[in-house]
Amino acid sequence: EDGYRLWQRYDLVQDAAKLSAYRQAIGELVVTGDSPTIAAVRKELQSGLNGLLGQAVKVSQAPGQSPALVAGTPASSAFIKNTGITDRLKPLGDEGYLLLSTQQNGRSYTLIAANSDIGVLYGSFHFLRLLQTNQDISKLSLSSKPKIRHRVLNHWDNLDRTVERGYSGFSLWDWHRLPDYIDQRYIDYARANASIGINGTVLTNVNANALVLTADYIAKVAALADAFRPYGLKVYLTARFSAPIEIGGLKTADPQEPQVQAWWKEKSDEIYKAIPDFGGFLVKANSEGQPGPQNYGRNHAEGANMLADAVAPYGGIVMWRAFVYDDKEPDDRAKQAYNEFKPLDGTFRDNVLVQVKNGAIDFQPREPFHPLFGAMPKTPLMMEFQITQEYLGQGTSLAYLSPMYKETLDADTHAKGKGSTVAKDIDGTLHKHSLTGIAGVANIGTDRNWTGHHFGQANWYSFGRLAWDHSLSSEEIADEWVRMTFTNTLAFVKPVKEIMLGSHETVVNYMTPLGLHHIMAWDHHYGPGPWIKDKHRADWTSVYYHKADENGIGFDRTKTGSNAVAQYFPPVAKQFGNLKQVPEKYLLWFHHVGWDYKVKSGRTLWDELCYRYSDGVKGVQQMQQIWDSMQEQVDEERFQHVKTFLNMQEKEAKWWRDACLLYFQTFSKRPIPQDLEKPAYTLEHYMRLDPKFVPGI
Ligand code: BDP
């Protein structure tokens, strides 16, 4: 059990009654059609059922005497057409599916039906999930379709196979051996994505390299696209804005220059010739040193529209990132994306999505939702979440991120009155957009278990599940994942879910409680670094964000400060801007608060900070205790792996707690409450510490 099989383990069903019911219901398997996608369906159902049922399932061309599982579309299967379900299929669109138990001529059938082959594949994965999680399949009548159209992974993979902010080995894309060699990993990657409904993948880093747009690389990308296609996974590339200069030999990349426009058109023609269903481009422009339209005095819409025009004839899209900020700009970094993009609402082409990070700073352990959500009614906004744990303990920390994703998706923007959630903005229902999207920065690499930490798999999984259906709860998703990845035994499922559901809050507590943010170490972002100051960019220091002084701590973003709260719709602005009403989890995000201010618990702010940091460490220790008690329920290999990682996490938690409290204490000048564990070392020790020595603390 090295984790390679992810949640697709297909081992024998252990519950004897369920096993016999499943064997009974699936006397034979009928998969109709002959497309590559249908071949993938057949293969997946066959291997899944063989494993789960512990016997070779009979595969037939048409339903015969025994109860059958029938998968197909009305177009490929006369049997399905004749069941009269076409009307039920209509509203399910081109990716949805129906799972139905039905009787025909006195015989029982289970249908996996859809309008399209890819719908059949998604339905097949759902059906297998029902077996994997030991559900009753005798009276199925359920349909499902995605709420969001483009459900995309963003790989921050470089062409030399390093992965920016990747903590699970190297890039999966073996450019050297492509296009000839198709690694089985590519297929397994596509299978895993399809099983959770992910339908797009951006192969390359947003800090882009123009080389990927040269002919040699396009051929390699085309080979990947061919491998992924049966699984409904489209490829996208990042477009370096200066590519016309770097690989095109032009003098400029000005989007208003006809020769530049022509270059991108020709480049798109070339790409689509090799990859007819190429998804389009993701662009990071004029951000953190990347080139962009502003280099030529043009705005973001002018840049995006040029690329959009190039891919439009082929149905391609442009995902243009709103992650922009500039240290020359004196205003609060949290306000800059809104200031830049809001005035451009209505000026983007129809095939452009503006991709917005969940919060206004940068994937912090916790951020309030980005004020752009709800605020650009004429522009489809795409959500960007980070799955890789750049700011959340990286590869060694257990942090189940579904609750964090849900916190943003469920947040109410009040854009059109109460109930205008962020989820409704990105699924298009709020402002009536049919072009919709959601992206997750991948945590996947060449590590045998894909994600470094076994529990990192749950974040890939939950991103996909929420991208498909954001109304799912974190608990439901964790339940599915634990059962499929480990076991259905309740004695394991319940406690491990408890670990998962509390884990994000635990990490927030020991890193950035009460709305603190961006206090991590310089550059690598792993450990604590609240003391970071005097760097060439103020907006990359920690003191810019926590603003601790002898009076208190926190960033005043109210009227008396940067007034970032005013970017939210009035009810939200009022709530966040009011010291008494702001949710405590965002307290120091929006307010500079005195050390002796009484918080909800009745403690002073300083004492509360100390308790929160300590709670974080205790939270990790609780996870350790629960996990230790699971030894009997789980294979030794994964047990030891997770155990060791939790030990590292405990050290990390103490490191964060002690370093941050000692540092903030130099301002608060108040004691750490008596009943709490005291820091093991001096502040100087932590400031000198090189993270690579942490396990030795
Ligand atoms: C930051 C990362 C940096 C990325 C940047 C981005 O530290 O590596 O390039 O985001 O999203 O979080 O563009």
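1. Two strands pair if DSSP finds at least two bridges between them. Helices (H or I, at least four residues) and strands (E, at least two) are themselves DSSP runs, numbered from the N terminus. With those terms in hand, strand 4 pairs with strand 6 in the antiparallel sense over four bridges, and Tyr97 stands opposite Ser144 in strand 6.

2. A word on the model before going on. It is a predicted one, in which local features need pLDDT of at least 70 and side-chain atom pairs count only at pLDDT 80 or more, while totals for chains, interfaces and linings use all residues. Residues are numbered from 1 along each chain as its sequence is written.

3. Now the overall picture. The protein chain holds 22 helices and 16 strands, and its C-alpha trace spans about 80 × 65 × 50 Å along the principal axes. The radius of gyration, taken over C-alpha atoms, can be set against a globule rule of 2.2 Å times the number of residues to the power 0.38. For 697 residues a compact globule would come out near 26 Å, and the protein chain, at 26 Å, agrees.

4. Burial and contacts come next. A residue is called buried if 20 or more other C-beta atoms lie within 10 Å of its own, exposed if 12 or fewer, and partly exposed in between, with C-beta atoms placed from the backbone. Buried residues make up 54% of the 697 residues in the protein chain. Two residues are in contact if their C-beta atoms, again placed from the backbone, lie within 7 Å. Of the contacts with a separation of 6 or more, 72% are between residues 24 or more positions apart.

5. Back to the sheet that opened this note. Its six strands form an open sheet in the order 2-1-3-5-4-6, with mixed pairing. The edges are strand 2 (58-60) and strand 6 (141-144), each of which pairs on one side only. From one strand to the next the twist averages 25°, where axes are lines fitted to C-alpha atoms (for helices over the stretch in contact) and angles run from 0 to 180 degrees between N-to-C directions. Helix 2 (residues 36-53) packs on this sheet and touches strand 1 (28-31), strand 2 and strand 3; its direction makes about 165° with that of strand 1.

6. Strand 5 (residues 107-113) deserves a look of its own: five of its seven residues are buried, so the strand is mostly covered by the definition above. Strand 3 (residues 68-72) pairs with strand 5 in the parallel sense over five bridges, and Leu69 has Thr110 as its bridge partner there. Strand 4 (residues 97-104) pairs with strand 5 in the antiparallel sense over seven bridges, with Gln103 opposite Ser108. Strands 4 and 5 form a hairpin with two residues between them, and Asn105 in the turn has a positive phi of about 50°.

7. The other sheet is a closed barrel of eight strands, running 7-8-9-10-11-12-13-14 with parallel pairing. Neighbouring strands in it are turned by 25° against each other on average, direction ignored. Strand 7 (residues 150-154) and strand 14 (residues 437-441) pair in the parallel sense over five bridges, and Val152 stands opposite Ala439 in strand 14. Helix 14 (residues 457-468) packs on the sheet, touching strand 7, strand 13 (381-386) and strand 14, and its direction makes about 160° with that of strand 7.

8. The surrounding residues are Glu164, Arg165, Val206, Asn207, Lys284, Glu288, Phe323, Asp362, Phe363 and Glu390. They divide into three nonpolar, one polar and six charged, with Ala, Val, Leu, Ile, Met, Phe, Trp, Tyr, Cys and Pro counted as nonpolar, Asp, Glu, Lys and Arg as charged, and the others, Gly among them, as polar.

9. Some backbone geometry is worth checking by eye. Most residues other than glycine have a negative phi, and most peptide bonds are trans. Arg165, in the loop between strand 7 and helix 6 (184-195), has a positive phi of about 60°; this residue counts as partly exposed, with 18 C-beta neighbours inside 10 Å. Trp450, in the loop between strand 14 and helix 14, has a positive phi near 75° and is buried, with 25 other C-beta atoms within 10 Å. A cis peptide bond joins Leu178 and Pro179, with omega about 5°.

Note on methods: A residue is near a molecule or strand if its C-beta atom, placed from the backbone, lies within 6 Å of it.
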